[in-house]
Amino acid sequence: ALRDKLRALAAAQGHPLGEPAGGADDGGRDAALAAYAAVLARAQLDAVDADAETAPPEVATTEYTRYSFGAHFCEVRVLPATGVVRVARHVAAFDVGRVLNPRTTLSQLKGGVVWGLGQALTEATHYDPRSGKVVNDNLADYHVPVNADVPDLDAFYVDADDPRELNPLGTKAVGEIATVGAAAAVANAVYHATGVRVRDLPITADRLL
């Protein structure tokens, strides 16, 4: 709506705007911003506002569901003498619909995998049975993965539009889908390496010895 309003304003000024060419890497975005700034300057305006409303089509709530999907592949190394588990490699692939921002999407996906590694190997909340108070409510006692705990990690997406009946952009959620399945992949790799099936997280050395 805002773009249409700016184009109408530019056309009225005798300087019609074309489609922005290229992307951020080749100056296309900068050129588009400069063109919009020129429209405002000629109109002696500091800003232009536009309002619009949108709602998902009714068909989306009756005939279709929209989910993101992921698959995790994990390799671990377990020290026989100590039971310490190290993740050597983790690869994850996701279908999250059309990706609008590749940089933040990859950051979310990789961060979610790291979150899953913490769930699998280090993170646990401990409660005082007498009071119910959390006793490891600080980063000294609640262990999250640090750089040394994170292996060669690769995450990628397939960047395929979900059917547009679901929403106008063909997007799906990228929230916690990267975490779902990560801990299970680690547990399966530990079972493959040791023959020990651990069903409670985190997978600590005492549960393997």
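Residues are numbered from 1 along each chain as its sequence is written, and side-chain values use heavy atoms, with hydrogens and water left out. Because the model is predicted, local features need pLDDT of at least 70 and side-chain atom pairs count only at pLDDT 80 or more, whereas totals for chains, interfaces and linings use all residues.

Helix α4 spans residues 102–121 and has 20 residues; helices (H or I, at least four residues) and strands (E, at least two) are DSSP runs, numbered from the N terminus. From its first C-alpha to its last, α4 reaches 29 Å, close to the 28 Å expected at 1.5 Å a residue, the expected span being 1.5 Å times one less than the number of residues. The buried residues of α4 include T105, L109, V113 and L117, where buried means under 20% relative accessible area, exposed over 50% and partly exposed in between (1.4 Å probe, protein chains only). These buried residues pack against β1 (69–78), β2 (85–95), β3 (152–157) and α5 (182–194).

Strands β1 and β2 pair in the antiparallel sense over ten bridges, pairing requiring that DSSP finds at least two bridges between two strands. V78 stands opposite V85 in β2, and the two strands form a hairpin with six residues between them, in whose turn G83 has a positive phi of about 80°.

Leaving aside neighbours within four places in sequence, F94 is in contact (heavy atoms within 4.5 Å) with residues including L109, V113 and F156.

Most residues other than glycine have a negative phi, and most peptide bonds are trans. A cis peptide bond, with omega of about 0°, joins L201 and P202, and P202 is found in the loop between α5 and α6 (205–208). Phi of Q44 is near 55°, a positive value; Q44 is found in the loop between α2 (28–42) and α3 (59–62) and is exposed, with a relative accessible area of 74%. Phi of D159 is likewise near 55°, and D159, in the loop between β3 and α5, is partly exposed, with a relative accessible area of 40%.
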